[in-house]
Amino acid sequence: MGGQKQSRAASGAVISAPSILVVFLLLAAASYGALIWAPTENTMGIVQRIFYFHVSSAWTGFVAFIMVFIGGVAYLRTRAQKWDWLSVASAEVGVAFFTIVLVTGPIWAKPVWGIWWTWDARMSSSFLLWVLFVSYLVLRTLVDEPERRAIVSAVFGIFAALDIPLVYFSIWWFRTQHPQPVIGDGGKLDARMGWVLLLSWAAMLGVMAVLIRLRYRLEALRSEVDAIRMEAARNGV
Amino acid sequence: MTLARATGVILAKELRTEFRSRELLGTTIVFVLIVIVLFSFTFNPTSTESRRFGPGLLWLAFLFAGSLMLQSSFLREQTNDTLAALRLAPIDPFSILAGKMAANFLFLLLVEVIMLPAFAVFYNVAIIPVLPQLLLVLSLGTIGIAATGTVFSAVAAQARLRELLLPLLLLPVLGPVLISSTEATIGVLSDPSEFPRVWLTFLTCFDVVFLTAAWMVGEYLLEE
Amino acid sequence: MSTPLASSPKGGSGNGPGECPASGLRIQFSEVEKRYGMRLALRGVSLEIAAGECVALVGHNGSGKTTLLKIAAQLTQPSRGKIAFFSKENGVPLDEVKSRVGMVGHHTLLYEEMTAEENLIFFAKLFGLADPAEKARQALQPVGLTGRATDLVRTFSRGMRQRLSIARALIASPGLLLFDEAGTGLDPEGQQWLGATIQQLHDSGCTIMMSTHGRNETQSAVTRAIRLDGGKITHDSGAGGNPSEVLVMSAVRDSGEGGES
């Protein structure tokens, strides 16, 4: 093809150097805070430090899934593809963060409570949420036509996101009605712990933003390649 | 043509088609029975255990049955592209969804009501004294299943592997319905004087949220 | 096979099924564009179709014929541009237009598990017609299916289904009829019947748009031919012109190149 026009998505650097630096610094600070600066918890010991990443990953996952919702609504109203790209990017990154939650949970639980999985309210909810958005991603692989796929994903994404508070409440109330032997979690939060938690969350959000941006770009490029391919096929190239 | 009128016409058509063949009804009932039988092998069905596990297994069976039976809702509109015929008519597109939701609700509720005596027998529970409350729980839970399931049926109809996809999409989303319906059923059966207020309010919330969501975005699924 | 649309008096003497109102609809497409994902099915199509015209759309598969018809039926919205409908001199609001449009495609749009009569009653109700049962009964007569009213559509032959499909499209006495390759799958006798039916509908004042492949029996009533290629209009025989040239040219092209892209 002669006369290349610079594709919109390809112009400019994906992520600016300063932002990468900021995220890196945040992560470094959070790691230092979590592993060294925060006081060691009384009963659980060093293992408890994983809590900062566990909880902040969950919160970050929520933010990502809310973005799936926003992307879905925006796509249905404007039909601009970029919102669909945002939705899929956010869903994948959200699933990644919830995978971290599901992995760090057992790692924390085993040495502290002796069992890998406790089916407590939070872990159960996280698991269901993870499954929910994995289903979202599976749905996308099963619809080939881009516009169709965007519409059905937007609708399902909206339903899935609306389900989040309902999932949490129902599981929480259920556990309240059927109390398990006390297994609890982080216990009391020292002031320093609180700060480290917030710092961890900020760091995780930074990582989330970077990952979503990268994934969004990938989707945009993929979309362009598909379009070019289709045009070429049409012109018999 | 008003939304209510059009919904009524479509509802009537769905019911007529379904009851003409009754094959889906029969198959669904048999399926629920199979699930109940198999579940009974997984625990010792004494009276106390039945009361604890029975309702959960019953609702699980309803959910599975629903996610299989709801497939046909939009699949059958692909034959001869009758969905296009519905969209050509001067009606609110949501009425197509609403009519099918209503039909699926009635249909599923019918299956559930038919299964109640079997449930009473197999799990040794007395359902007659609490029949009105039970019916309330069944209705609220089934609204959630039917509303969400019908929308997802429209989604799955446009994808590959739709037989597997509908349960995959529906079951996680209905997690809260499973929990609340089960707990409400247990509540009603174990203590008839006590009204499981929280769970029933929650179920109503679920239904309202998803019916509203379906109303707002459902029709986009029907577009071309 | 029965005669085409038996007993439909000329001009809108009433709104019995099988008749068109005295004035068909006028349609105006303004810079209509339709985009599916990144593919442009229609590019900037502007077209005015006067009331009572019988327009043939010709072109390869993928040229935009079906898309244009779907937009006229409001089955799909244009990505850009507008479509407007007029009856006599007055504009007709888009939601009202739906009740005045009938479409026959190569899918029959009929429910197999319902009888012919039930199908028609159902659609009559959806179109808000008074006394749907009576309208259904009347609609079966012109297409010669009265004897099969209580039979399931599943038992019908292709030709009978097409006839029922046409009855369905006509039940609300539309001012605009759209035929999307409606002759596909019909034997020559069936195609002839279809052509005669279209002629009769044209004579009674309906505006008709039909997409066809090449030259065939169904085109006797055509007053105007428009060729589409790659989503654009390449030839238009015009409102008062002679459609034959465009039709013949298309027939040669389509048969020469052997069809679908």
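**Exercises on helix packing and the chain interface**

**Exercise 1.** Determine which residues of α7(B) and α10(B) meet, and how the two helices are oriented.

*Solution.* In α7(B), the residues B:Val137, B:Leu140, B:Gly141, B:Ile143, B:Gly144, B:Ala147, B:Thr148 and B:Val151 meet B:Leu200, B:Leu203, B:Thr204, B:Phe206, B:Asp207, B:Phe210, B:Leu211 and B:Ala214 in α10(B). Contact requires C-beta atoms, placed from the backbone, within 7 Å; helices are DSSP runs (H or I, at least four residues) numbered from the N terminus. By class, this contact has eleven nonpolar, four polar and one charged residues. Here Ala, Val, Leu, Ile, Met, Phe, Trp, Tyr, Cys and Pro count as nonpolar, Asp, Glu, Lys and Arg as charged, and the others, Gly among them, as polar.

Next, take the geometry: the helices pack at about 25°, with axes 9 Å apart. Axes are lines fitted to C-alpha atoms over the stretch in contact, and angles run from 0 to 180 degrees between N-to-C directions. Because angles under 35 degrees count as roughly parallel, α7(B) is roughly parallel to α10(B).

The model is predicted: local features need pLDDT of at least 70, side-chain atom pairs count only at pLDDT 80 or more, and totals for chains, interfaces and linings use all residues. Residues are numbered from 1 along each chain as its sequence is written, with chains lettered from A and ligands numbered from 1 in the order in which they are written.

**Exercise 2.** Describe the side of chain B that touches chain A.

*Solution.* First, 25 residues of chain B are in contact with 27 residues of chain A. Second, α7, α8, α9 and α10 of chain B each give two or more residues, and α10(B) supplies the largest share, seven residues. Finally, this side divides into 19 nonpolar, four polar and two charged residues.

Definitions and conventions: Angles under 35 degrees count as roughly parallel, over 145 as roughly antiparallel, 65 to 115 as roughly perpendicular and the rest as oblique.
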